[in-house]
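Hello,

Here is the structure for you to look over. My notes follow below it.

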Amino acid sequence: MATDTRAPLGATALFRAVGLMADGPVSWGNPVRSGRPGVYVVELPAPLAAAPIEVIRVGKWVERVPSLRLDGHRPTTKELAARLSSFRLPDQTVLYVGMTTLSIGGRVAAFYRTALGDRRPHAGGHWLKTLGVLERAKVGGAETDAPEEYEDALLTAFADAVPEATRARLG
């Protein structure tokens, strides 16, 4: 049986795979300089074998959001951290794919500003803020007038590049 040895599809290659030209990347926390609609990707410089979940951050999230539910009940910090860890793809660098119909720069800035647990201005990636390595992450974007379609295409290209053995571990 052949071993699946595909290299991780990083942000630049992911954009290229769907026919977009990437702008950036910039280090997490730095502005993305685009005022147009488009898609963006958050990635690490290299794959990590284990999910770098910061349990203290998870605990503060659980504490801050009394309505938070996992499988219908209020999770403990340990339960939520374990669930977050279970979604980690150890051979991949991409952490998040997002889109906006407004401004990529504005959307990413809102992402940076949103405190873990707050609904606004950008609640889409709360779990990302539980990572202890976020300061090593990069954010790249690509302008497009069809952000929804390209977000779908990026997610499909990413999923197609994940080795079968990794997909099987997700259950």
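Which strands do the buried residues of helix 4 pack against? They pack against strand 1 (23-27), strand 2, strand 3 and strand 4, with contact meaning heavy atoms within 4.5 Å. Helices (H or I, at least four residues) and strands (E, at least two) are DSSP runs, numbered from the N terminus.

This is a predicted model: local features need pLDDT of at least 70, side-chain atom pairs count only at pLDDT 80 or more, and totals for chains, interfaces and linings use all residues. Residues are numbered from 1 along each chain as its sequence is written, and side-chain values use heavy atoms, without hydrogens and water.

Helix 4
The buried residues are Ile 104, Gly 105, Val 108, Ala 110, Phe 111 and Tyr 112. Buried means under 20% relative accessible area, exposed over 50%, partly exposed in between (1.4 Å probe, protein chains only).

Lys 129
Lys 129 sits in the loop between helix 4 (104-113) and strand 4 (138-143). Lys 129 is buried but has no salt bridge (a side-chain nitrogen of Lys or Arg within 4 Å of a carboxyl oxygen of Asp or Glu). Asp 118, the nearest side chain of opposite charge, is 8.6 Å away. Lys and Arg count as positive, Asp and Glu as negative; His and the chain ends are not counted. A polar atom of the Lys 129 side chain lies 2.5 Å from the backbone oxygen of Phe 111.

Helix 5
Pro 147, Glu 151, Leu 154, Ala 157, Phe 158 and Ala 161 are buried in helix 5. They fall within an arc of 130° seen down the axis, so they line one face of the helix (the arc is taken from the directions from the helix axis to the C-beta atoms). Glu 149 and Asp 160, on the other side, are exposed.

Best wishes

How values were computed. A polar contact is a pair of N or O atoms within 3.5 Å; within protein, one must be able to donate a hydrogen and the other to accept it, and residues adjacent in sequence count only if both atoms are side-chain atoms.
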